[in-house]
Amino acid sequence: MNPTPAQAERDADVEIVGGDVRCVGAWTVARVAGLGTRLDRIGWPAANEVVIEGSALCAMDTAGAWVLRRVLKSLESGGRRVSLRGLRTEHEALLRMVATPDVVDALARAAPKPSALERIGVIASGGVRQGVDMLSFVGETAAAALQALLRPARIRWKPILYNIRSAGVDALPITGLLCFLMGIVIAYQGATQLRRYGANIFVADLVGLAMLRELSPLLTAIIVAGRSGSAYAAQIGTMKVTEEIDALRTVGIVPIDLLVLPKIVALSIALPLLTVYADVLGVAGGMVMAKKELAVGFPDFLDRLQYALGLSDFLVGIGKAPVFAAIIAVVGCFQGFQVAGDAESVGRRTTVSVVQSIFLVIVADAVFSVLFNALGI
Amino acid sequence: MEAPRHAAEPIVEVRDVCTRFGDAVVHDGVSLAVREGEVFALAGASGCGKSTLLREIILLHQPQSGSIRVLGREVVGLGDEEALPLRRNWGVMFERGGLFGSLTVRENVGLPLREHTSLDDRLIDEIAAVKIALTGLPSSAAAKYPVELSGGMRKRAALARAIALDPRLLFLDEPTAGLDPLSADGFDHLVKHLKELLGLTIFMVTHDLDLLWGVADRVAFMVEGRIAGVGTMQELSKSEQPLVREYFYGPRGRGAREQAWKRR
């Protein structure tokens, strides 16, 4: 069975000598490829009785045995009577093994590939099911939140504080830097246009309104979705794979109480605070650029900012943040709970959580814009 | 198929291997030899360096010093390119299966075939089905993903993948760990059956006493980074080494031995 290299040199082949089919070469997994593809086109002897001569076989493994079985089958399907001769006992044993009903059954059962229509149906029903699941998760979370409000002693403060730190304080450098750069970009883009009309001072309006009303809340939410929303999905997903979620249930802790509510509360506190911080840094970025490109000094800029911005502009931006926070936390946790089975699923769900939460944040932002416009704020 | 005993060169030969992780000495001069055609087991307490030695033999870890020859080639310091022909000639079943989660069982088993041979897809699927049936998995398991299988079925699927290329040498890492007694028993028979049918040489790492008594031809017993004894289980059970004795004459060891005697 383990041939020396010299014996194994020849590829598996069949030679047709009169009414006999002679098997030659090494019938091993590395050497049967050519024969396997040729098998259907071989001109078998026309005789009714065929002998397969196996004494010249120098090696055979299960792959070779399977090919030999195919030879047998294709001869027999032509109505011939086939007998084997000269096959070594161990090769015969292999041939018997691959012909067991289990194997034949396994092949017969190979499921056909689903049709395009079926695949579309599977995707659609999956989408609907996920929507329903999401809704029921939101409901479950709301019910848990209500219970927590009725019994404030059950609120878990420590995870809330921990999450404020990890989602808020730890995100300060990256959020600050990005919003500062965004302020610079806006002032820079505006500078060319404003200079043309000699309206340099209005750079304060441009930067102030854009940052406070739209960009700070949106940018902060996107950064937090990428930083914390994904972490929530990965954390809960991993806990699910390692059965920690089930363990929590068995010791009498409601997983939503411990894992979801603190995150929603913490993010609803942290995200508005981060947004205020982002407002400041964004305006600062605009100020630096205004001084350099438009010769608008800091005092003039700040003076103009007071006239340009009302309290409502600030509140509109900050008001969106808790909604974004809830979206990010709920989507992240929901996707974490959707993890089933293996590590790969954790990765997939984490990706989905980021994509979905950013998508929903932007949709919510668009809805807010329409609403505020209708209300004239 | 009985392979010739005391063949010219052992199929696996480990000589004076020393391994350290930082300050922790894992192997302190380990030597052993596996003969062609036998079932060789490496036993010992948890954490004594069994699995690390296995990883060194299959080129997943480099020892600090010593020599390891597998299928006639020195593997210490071997590059990936040179290791390829060796890797085609052995199959490895990992403790937790190591099945690819994104592939079905059939695709998992077919992967080595697709990678290393020029067989057409139909033949690969058929050979994969043969291997799956050979390991005793029901035919319905072929289209399933590893997460949908029970622990015992996953081990069988991993075994099917390990023998996909009809290797000369099969490595099993804790083949029965995490199985219920009945499944573990089934696995014993499966290993014996495959060895006879495919003429494999099997190197396994285990602390399953039933497997050691029932299947292994020879056993090496590892204690604190050294081989404390090599031989058949009968020989080892007469060893004077206190740690080896403890292993065999503890309550579990005695039970397994009595079972093995009854079966003989």
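Q: What makes W90(B), G91(B), V92(B) and M93(B) in β6(B) count as buried, and which way do they point?
A: A residue is buried if 20 or more other C-beta atoms, placed from the backbone, lie within 10 Å of its own, exposed if 12 or fewer, and partly exposed in between. W90(B) and V92(B) point one way from β6(B), G91(B) and M93(B) point the other way, and all are buried. This is a predicted model, where local features need pLDDT of at least 70, side-chain atom pairs count only at pLDDT 80 or more, and totals for chains, interfaces and linings use all residues. Residues are numbered from 1 along each chain as its sequence is written, while chains are lettered from A and ligands numbered from 1 in the order in which they are written.

Q: How do you know that β6(B) and β7(B) pair?
A: Strands pair if DSSP finds at least two bridges between them. β6(B) and β7(B) have four bridges, in the parallel sense, so they pair. One example is M93(B), whose bridge partner in β7(B) is L172(B). The strands themselves (E, at least two residues) and the helices (H or I, at least four) are DSSP runs, numbered from the N terminus.

Q: Why are β6 and β10 of chain B called edge strands?
A: The open sheet has six strands in the order β6-β7-β8-β3-β9-β10 (chain B), with mixed pairing. β6 (90-93) and β10 (226-231) of chain B each pair on one side only. From one strand to the next, the twist averages 15°. Further along the order, β3 (residues 39-44) and β9 (residues 218-223) of chain B run parallel and are joined by five bridges. There, F40(B) has R218(B) as its bridge partner in β9(B).

Q: What packs on this sheet, and what angle does its direction make with that of β6(B)?
A: Helix α5 (residues 151-162) of chain B does, touching β6 and β7 (169-173) of chain B, and its direction makes about 165° with that of β6(B). Angles run from 0 to 180 degrees between N-to-C directions, and axes are lines fitted to C-alpha atoms, for helices over the stretch in contact.

Q: Why does G136(B) count as partly exposed?
A: G136(B) has 18 C-beta neighbours inside 10 Å. G136(B) lies in the loop between α4 and α5 of chain B. Leaving aside residues up to four places away in sequence, G136(B) touches R156(B), G186(B) and L190(B); a contact means that C-beta atoms, placed from the backbone, lie within 7 Å.

Q: What makes α3(A) roughly perpendicular to α4(A)?
A: The axes of α3 (residues 62-77) and α4 (residues 89-98) of chain A come within 9 Å and cross at roughly 70°. Roughly perpendicular covers 65 to 115 degrees (under 35 is roughly parallel, over 145 roughly antiparallel, the rest oblique), so α3(A) and α4(A) qualify. Among the residues that meet are W66(A) in α3(A) and L94(A) in α4(A).

Key
Two residues are in contact if their C-beta atoms, placed from the backbone, lie within 7 Å.
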